Amino acid sequence: MTHSPNALCFGDGLPATGVPCLVQVMPSGLSVTRNGRADALSPELIPFGSLSVSAGGLDHDQLVVSWGSLESARTLYLKSPDLIIAFRRAAPPELTAHLDRTAEQVRRARHAHRGLWIAGAAAIIGLAVMFWFGTDLMVEWAVKRIPVEWEQQLGAVAYRQMLSGQSIVKEGPAVEAVQEITRRLTAQAPDTYRFEVSVVRNDVVNAFALPGGYVIVFTGLIQKAESGEEVAGVLSHEISHVLERHGMERIIKQSGLAAVVTVVLGDQQGLIGLAQQLGMKLATLKFSREQETEADLSGLRLLRKARIAPGGMIRFFDRLSEQDMHQIELFSTHPMSASRAKRLETETASLAEGPPEPFTFDWNLVRQSLDHDKGQGSKAS
């Protein structure tokens, strides 16, 4: 017969953590020896008629036996299957019915606990598989459920954040030229968005689009371009990113599960908060190769609809690709390659021919105005 502790005893005068006990089932009741050793203290014999039973423990998987008055109550927690079986066999009829109900509670608790672990493990594995193999599908699903109004508010927040402290060119030939190009392009686009374009004084050769129809053009891009058609090619590419909602896809993919949850819960402010956390990263997060190709081809078609010569787009990218790509900021978000340029040329050749309409501005004067106006841009607060 074992003399090792097989239960925990709680009650008045005992430590809050309980005392190990050796419990033995006798014909008339339970023999309980505290500290778990038969020779430690004289065993206490508790008649079956003094006992009550219930299910207990953290997972309700233990048999709880209680006896005594309110002032001197004692409780035993029995978890050993052998001890519980012996208790059930020796228990008198008056305890059997209640004991059976208690045992059933214990079994249900164990099964439920096991089921929860299995369900939880399956859910985690399922999510992992879903995000590993179906990230793009999940992103696409989430973006389709984001109202355009949310996207516009999100873009406006990021737009103000990025213009803060920048030197904005608010008037002059460069602004007028960019506005004319933008009007020509957006007039041929769906009216889902109201586009707003700002010219920022910065020597970096770059332009980027934010969700909701907000576009920022650096003066370095205008000065590098040799014609308005070249800038139009870049802007048609950026506008296409907006129309295809590539910016929202970037935010959802970068934010991961948190963004998907906010969309599912309809939490507009939560989504805006996630975008604010990304901050300036929104301007430099790379689009995927598929997104860039889609924006290229959509941009070319938009140029053709607007009666703007599409060759300017290819010439500009070709010229930049011949230079040190590590020094051209445009390539941090607009990677260029020989195969990509060839694809643009092939697509241009397949488009329906139509006479382009020239712009009303003189491009040489546009570039010269930026040289004359250096340092005169206004700071955004």
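Me: Which element gives the largest share of the lining of the largest pocket, and how many residues is that?
Reply: The largest share comes from H8, which supplies five residues to that lining. Please keep in mind that this is a predicted model. As for the general idea, rolling a probe the size of a water molecule over the atoms shows where empty space is left. In the present case, the largest pocket holds about 330 Å³ of space. The elements that give two or more residues to its lining are helix H3 (135-144), H8 and H11.

Me: How many residues line the largest pocket, and which lie nearest its centre?
Reply: The lining consists of 15 residues, and those nearest the centre are Asp-136, Glu-249, Lys-253, Ser-288 and Gln-291. By residue class, the lining divides into eight charged, four polar and three nonpolar residues.

Me: What is the overall make-up of the protein in helices and strands?
Reply: The protein has 15 helices and 12 strands. Of its 381 residues, 47% are buried. Its accessible surface comes to about 19,800 Å², and carbon and sulfur atoms account for 55% of this. Sequence separation can also be read from the contacts: among those between residues at least 6 apart in sequence, 63% join residues at least 24 apart.

Me: Which strands pair with E11, and in what sense, parallel or antiparallel?
Reply: Strand E9 (residues 196-200) runs parallel to E11 and is joined to it by five bridges. Within that pairing, Val-197 has Val-215 as its bridge partner. Strand E10 (residues 207-210) pairs with E11 in the antiparallel sense over four bridges. Here Ala-207 stands opposite Val-217. E10 and E11 form a hairpin with three residues between them, and Gly-212 in the turn has a positive phi of about 90 degrees.

Me: Where is Arg-245, and is it buried or exposed?
Reply: Arg-245 is in the loop between helix H7 (228-243) and helix H8 (246-255). This arginine counts as buried because its relative accessible area is 15%, and the cut-off is under 20%. Leaving aside neighbours within four places in sequence, Arg-245 is in contact with Val-143, Ile-146, Pro-147, Val-148, Glu-151 and Tyr-193. Arg-245 and Lys-144 are 101 residues apart in sequence, with a C-alpha to C-alpha distance of 9.3 Å.

Me: Where is Arg-307, and what is its relative accessible area?
Reply: Arg-307 is in the loop between helix H11 (289-305) and helix H12 (311-321). Its relative accessible area is 34%, so Arg-307 is classed as partly exposed.

Me: Where is Ser-369, and what does Ser-369 touch beyond residues up to four places away in sequence?
Reply: Ser-369 is in helix H15 (residues 363-372). Ser-369 is classed as buried because its relative accessible area is 9%. Beyond residues up to four places away in sequence, Ser-369 touches Pro-173 and Ala-174. The C-alpha atoms of Ser-369 and Gly-172 are separated by 7.4 Å, although the two residues are 197 residues apart along the chain.

Me: Which helix holds Gln-153, and what is its relative accessible area?
Reply: Gln-153 is in helix H4 (residues 148-163). Gln-153 has a relative accessible area of 39% and is therefore partly exposed. With neighbours within four places in sequence left aside, Gln-153 is in contact with Gln-268 and Ile-272. From Gln-153 to Pro-211, the C-alpha to C-alpha distance is 8.9 Å, and the two are 58 residues apart in sequence.

Notes: Residues numbered from 1 in each chain as written. Predicted model: local features only at pLDDT ≥ 70, side-chain atom pairs only at ≥ 80, totals over all residues. Heavy atoms only, no water. Buried < 20%, exposed > 50% of the residue type's maximum accessible area, 1.4 Å probe, protein only. Contact = heavy atoms within 4.5 Å. Areas by Shrake-Rupley, 256 points an atom, 1.4 Å probe, with all protein chains shown as cover. Pairing = 2+ DSSP bridges. 1 Å grid on protein atoms, 1.4 Å probe; cavity = no way out; pocket = protein on both sides within 12 Å on 5 of 7 lines; lining within 4 Å. Points joined across faces, edges and corners; volume = space filled by probe spheres on them. Nonpolar A, V, L, I, M, F, W, Y, C, P; charged D, E, K, R; others polar.
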